Amino acid sequence: MKIILKWIFVTNIMLTTYYMQAQIIRRPSPGIEERNTDDEEVSKYDALTADIKIGNLGFFGNLFISGKTNVGYQITPWLNGGIGGKVFYTQIFVPSAPDFKYTDLGGFAYARAKVFRNFFAQVEYHYTSFDYVSPLLTGANISYPTIGAGYVSGNGPWKFGLELNFLVNELARDYQGSVLEYWTGAFYHF
């Protein structure tokens, strides 16, 4: 019964969001023809995309915080690709002793495809320098892919949303201590 109620709740929120956005979208008046954009000069900057995100947060017992940013180019209205960088910061609190601090830095290339108006699928290929964690995880530079999906909402050039990425490489999962990365933030020209 709880599963059915959760399904109804999620469906209701999704439908409400869809209908609210449909009310905001401005439609052309009858009889007015759309302008021909072939004659107009389109700015090069209109094809650029960018994301600024934070994620993988944890504040209880230890501190975990991550940041991710990327810049891309819109290849088609539904496909874009680009490059980005990310940083993971971890602080393990140890009573009556110095805390353990780890900083992992990485870069990545990505391709993103819009599946529907607000949903997308994404693949990324990362190169990350992981810090020393333990005698078993002494630090490494690892190349690994991720597969992800996300949701964005909003009007105008800036939208806000959520992204989940599955780490395909087992060693990368060991260093991050997680199977998934989760991110929330702002998307420019989604």
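Contact here means heavy atoms within 4.5 Å. In this predicted model, isoleucine 142 touches His126, Tyr127, Thr128, Phe130, Asn169, Leu171, Ala172 and Tyr175, when residues up to four places away in sequence are not counted. Isoleucine 142 also belongs to the largest nonpolar core, which has 7 residues in all: Phe130, Leu137, Ile142, Tyr144, Leu167, Ala172 and Tyr175. Strand E6 (140-153) and helix H2 (170-176) are the elements that give two or more residues to this core.

The structure holds 6 salt bridges. In one of them, the side chains of arginine 112 and aspartate 51 meet at 2.4 Å, N to O. This pair links distant parts of the chain, with arginine 112 in strand E4 (residues 100-114) and aspartate 51 in strand E1 (residues 48-58), 61 residues apart. Arginine 112 counts as buried because its relative accessibility is 3%, under the 20% limit; aspartate 51 is likewise buried, at 2%.

A salt bridge also joins the side chains of glutamate 163 and lysine 68 (2.9 Å, N to O). Glutamate 163 lies in strand E7 (residues 158-167) and lysine 68 in strand E2 (residues 62-76), 95 residues apart. Glutamate 163 is buried, with a relative accessible area of 0%, and lysine 68 is buried with 3%. Asp51, Lys53, Lys68, Arg112, Glu124 and Glu163 are linked in a network of salt bridges.

Glutamate 181 forms a salt bridge with lysine 86, the closest N and O atoms being 2.7 Å apart. Here glutamate 181 of strand E8 (residues 180-188) is linked to lysine 86 of strand E3 (residues 79-92), 95 residues away in the chain. Both residues, glutamate 181 and lysine 86, are buried.

Notes: Residues are numbered from 1 along each chain as its sequence is written. This is a predicted model: local features need pLDDT of at least 70, side-chain atom pairs count only at pLDDT 80 or more; totals for chains, interfaces and linings use all residues. Side-chain values use heavy atoms; hydrogens and water are left out. A nonpolar core is a set of buried Ala, Val, Leu, Ile, Met, Phe, Trp, Tyr and Cys residues joined through side-chain atoms within 4.5 Å. Buried means under 20% relative accessible area, exposed over 50%, partly exposed in between (1.4 Å probe, protein chains only). Helices (H or I, at least four residues) and strands (E, at least two) are DSSP runs, numbered from the N terminus. A salt bridge is a side-chain nitrogen of Lys or Arg within 4 Å of a carboxyl oxygen of Asp or Glu.
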